[in-house]
Amino acid sequence: MTISGTSRDALIAAARTAMDSAYAPYSGFHVGAALLFEDGAIITGANVENASYGLSLCAETVACAIAAHAGRRGGLVAVAVLGGPAGRIDSAITPCGRCRQVLHEIAALGGTDPVVLCIGPKEVLETRLSVLLPDAFGPTQLG
Ligand code: THU
């Protein structure tokens, strides 16, 4: 599925706004993520760090948890992610490995292969979740 230019712009703007809510006192690296669903809804998240560093949550994972809690079980058509030191966008960032798996869960439930927009200072790296996480393990493997 492709997304319109308007949806794409709204999704990128939402990720940017979400980044302002990052709680990242340890890394200083602020990340925002936004998920676009088939019905046009956008759900956002930002990274939430912890004094026990390894417990920190990435922006994409937070967004997926909020979406699941809101009852979303599929319908994920696009993801936007951006971040940088103190929120300065120096380069496009791609979702970490764990987030790719977390995103796959909600995508697989609805049988979609979301567009992933990795937002840089000028350029946008546009890819697909299946490219970032080929041959993924997911809910279908569990019957
Ligand atoms: N981070 C994300 O929020 N998403 C990613 O995909 C990569 C990394 C966060 C985790 C941590 O709070 C900070 O960025 C530095 O790794």
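I call a residue buried when its relative accessible area is under 20%. The structure I am examining is a predicted model.

**Entry 1: strand E1.** I first looked up how well E1 is covered. Seven of the nine residues of E1 are buried, and the strand is thus recorded as mostly covered.

**Entry 2: the partners of E1.** Which strands pair with E1? I found that strand E3, residues 76-85, pairs with E1 in the antiparallel sense over nine bridges. Within this pairing, Ala78 of E3 stands opposite Leu36. Strand E2, residues 42-46, also runs antiparallel to E1, and five bridges join the two. Here I noted Ile43 in E2 as the bridge partner of Leu35. E1 and E2 form a hairpin with four residues between them. In the turn, Gly40 has a positive phi of about 95°.

**Entry 3: the shell around the ligand.** I next listed the residues that surround the ligand; among them are Phe29, Val31, Asn47, Glu49 and Cys96. Strand E1 (29-37) and helix H2 (59-69) each supply at least two residues of this shell. By class, I recorded six nonpolar, three polar and two charged residues in the shell.

**Entry 4: polar atoms at the ligand.** Which side chain has a polar atom 2.5 Å from an oxygen atom of the ligand? I found that this side chain belongs to Glu49. In the side chain of Asn47, an N or O atom is 2.9 Å from an oxygen atom of the ligand. For Cys96, a polar backbone atom is 2.9 Å from a ligand oxygen atom. I then noted that the ligand on its own has 370 Å² of accessible area, of which the protein covers 77%.

Conventions: Residues numbered from 1 in each chain as written. Predicted model: local features only at pLDDT ≥ 70, side-chain atom pairs only at ≥ 80, totals over all residues. Heavy atoms only, no water. Near = heavy atom within 4 Å. Polar contact = N/O pair within 3.5 Å; in protein donor to acceptor, adjacent residues only side chain to side chain. Areas by Shrake-Rupley, 256 points an atom, 1.4 Å probe, with all protein chains shown as cover. Nonpolar A, V, L, I, M, F, W, Y, C, P; charged D, E, K, R; others polar. Buried < 20%, exposed > 50% of the residue type's maximum accessible area, 1.4 Å probe, protein only. Pairing = 2+ DSSP bridges.
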